[in-house]
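Let's take a look at how two parts of this protein meet, and at what surrounds the ligand.

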Amino acid sequence: MTEHPNRVRVALFFGGVSSEHEISCLTAGSAARAIDPERFEVVGIGITGDGRWVRIPPAELAGYEVVDGKLPRVASDRPEAVLLRGPAGAEVATRDGDRLCEIAGIDVAFALLHGPWGEDGTIQGLFEMLGVRYVGAGVAASAIGMDKDLMKRAMAGAGLPVGPWVAITPAQWRDDRAGCLARVAGLSFPVFVKPARGGSSIGIVRVDDPDGLEAAIIEAQRFDPKVVVEQGFVGVREIELSVLEDLTGPPRVSLPGEILMHTTDAFYDFDAKYLPEEQVTLRVPADVTPELRTAMQELAGRTFAAMAVEGLARVDLFVDADGVPWVNELNTMPGFTRTSMFPMMWAASGLEYPDLIATLVELALARPLGLR
Ligand SMILES: Nc1ncnc2c1ncn2[C@@H]1O[C@H](COP(=O)(O)OP(=O)(O)O)[C@@H](O)[C@H]1O
Ligand SMILES: [Mg+2]
């Protein structure tokens with residue numbers, strides 16, 4: 001690209017084998033349309049639903065959006081993408097039979113992937129092995145952030161406020177189902193039964209009394225053999241904050257945003273997240289007192305630091321009737337379309353979507369390779 005010799009080449013990874021394939025494609029399309037072409041050259045690497053890596057030209061990627069109510073997916077008949085560790089760093093190539101062509105170096109890898117094999121440390125491990133700088137959390141923080149059991153253990157260990165929960169591994173369920181149910185009986189109802197490494201609320205069931213428990217656990221196991229059961233927070237506000245690493249000091253925390261459900265027993269499930277008109281209102285910034293805002297920003301920044309996250313995270317809180325914030329979860333690759341909470345909260349805080357993308361790439365570029 002002779003007209004922009006100093007552009008940073010950013011490899012966007014999207015799609016993937018998790019249940020959030022389409023959401024990831026939406027995000028990637030959104031990011032590809034917004035990224036500054038003067039400064040960044042995009043290389044599109046799509047991961048098909050069955051896990052193959054293909055090259056998607058930036059122009060095709062820019063067309064990834066909702067069309068006639070249908071979400072985009074990575075087309076599987078595109079040329080195969082190959083990643084290499086070249087003498088000067090990571091490279092991407094296209095496979096043509098038994099030859100490689102279009103070999104190009106990668107400056108930064110940006111995995112716009114949600115869920116297992118994307119947000120959970122696996123692709124981050126690949127980037128480490130390739131010796132390429134990448135956007136976002138490292139291997140350990142990604143893996144811990146993905147697993148709602150490990151995440152809560154780490155948070156509780158760091159003194160962060162998390163509600164009571166129980167984890168059920170496949171072996172425990174197989175060998176001692178009664179014991180699993182007895183542990184859950186120590187929680188008060190309603191409870192939320194979740195795939196431990198899920199996302200986008202897929203497979204999550206709210207259970208109001210013990211009779212529904214077993215079916216809900218079996219349902220969650222369809223998505224992940226490891227399940228968590230959490231004590232439900234009732235009558236809470238759901239408030240989220242966006243956090244960015246700051247190379248010179250403590251993390252930067254955005255203004256809070258609030259998820260307002262239109263009915264009281266509803267929760268922020270998949271339909272509410274992606275087909276939102278009727279069920280949910282996103283209020284950015286949230287209508288909160290300055291004291292609560294400060295308390296939540298402090299908690300979000302502390303969570304980011306305690307969990308050793310890099311780059312970005314969205315910290316999701318429940319605020320109880322006494323105005324006390326609790327941590328629900330940490331997302332190391334939050335929804336990232338232009339109208340997702342993470343970018344909207346930054347826009348409300350003065351950082352627009354294209355600048356947010358540029359900031360994330362710059363944070364990645366500035367990061368040393370290897371152990372940090
Ligand atoms: N312990 C809980 N108490 C009350 N509501 C909950 C609880 N856990 C989850 N929910 C509801 O379910 C939604 C999805 O749960 P969450 O743990 O955030 O899963 P995901 O990782 O899929 O976003 C939350 O946004 C909230 O509306
Ligand atoms: Mg959530």
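How many residue pairs are in polar contact between domain 2 and domain 3? The count is five, with both residues of each pair at pLDDT 80 or more; a polar contact here is a pair of N or O atoms within 3.5 Å, where within protein one must be able to donate a hydrogen and the other to accept it, and residues adjacent in sequence count only if both atoms are side-chain atoms. Helices are DSSP runs of H or I with at least four residues, strands are runs of E with at least two, and both are numbered from the N terminus.

A quick word on ground rules: this is a predicted model, so to speak of local features takes pLDDT of at least 70 and side-chain atom pairs count only at pLDDT 80 or more, while totals for chains, interfaces and linings use all residues. Residues are numbered from 1 along each chain as its sequence is written, chains are lettered from A and ligands numbered from 1 in the order in which they are written, and side-chain values use heavy atoms, with hydrogens and water left out.

The chain splits into domain 1 (8-134), domain 2 (143-162 + 234-350) and domain 3 (165-231), with bounds from an automatic or database domain assignment. The C-alpha centres of domains 2 and 3 are 23 Å apart. About 1,400 Å² is buried between them, 59% of it from carbon and sulfur atoms; that is accessible area (1.4 Å probe) lost on putting the two parts together, summed over both. In domain 2, Lys-148, Asp-149 and Phe-267 lose the most area to domain 3, together 39% of what that side buries.

Three salt bridges cross this interface, each a side-chain nitrogen of Lys or Arg within 4 Å of a carboxyl oxygen of Asp or Glu. Lys-152 forms a salt bridge with Glu-230, with the closest N and O atoms 2.9 Å apart.

**Around ligand 1**

Of the 18 residues around ligand 1, Lys-148, Lys-194, Ser-201, Phe-233 and Glu-238 come nearest; a residue counts if one of its heavy atoms lies within 4 Å.

| Residue | Its atom | Ligand 1 atom | Distance |
|---|---|---|---|
| Lys-148 | polar side-chain atom | oxygen | 2.5 Å |
| Gln-231 | backbone N or O | nitrogen | 3.0 Å |
| Glu-329 | side-chain N or O | oxygen | 2.7 Å |

Phe-189 and Pro-190 are joined by a cis peptide bond, omega about 0°, and Pro-190 sits in the loop between α7 (177-185) and β10 (191-195). The bond from Val-284 to Pro-285 is cis too, with omega near -5°.
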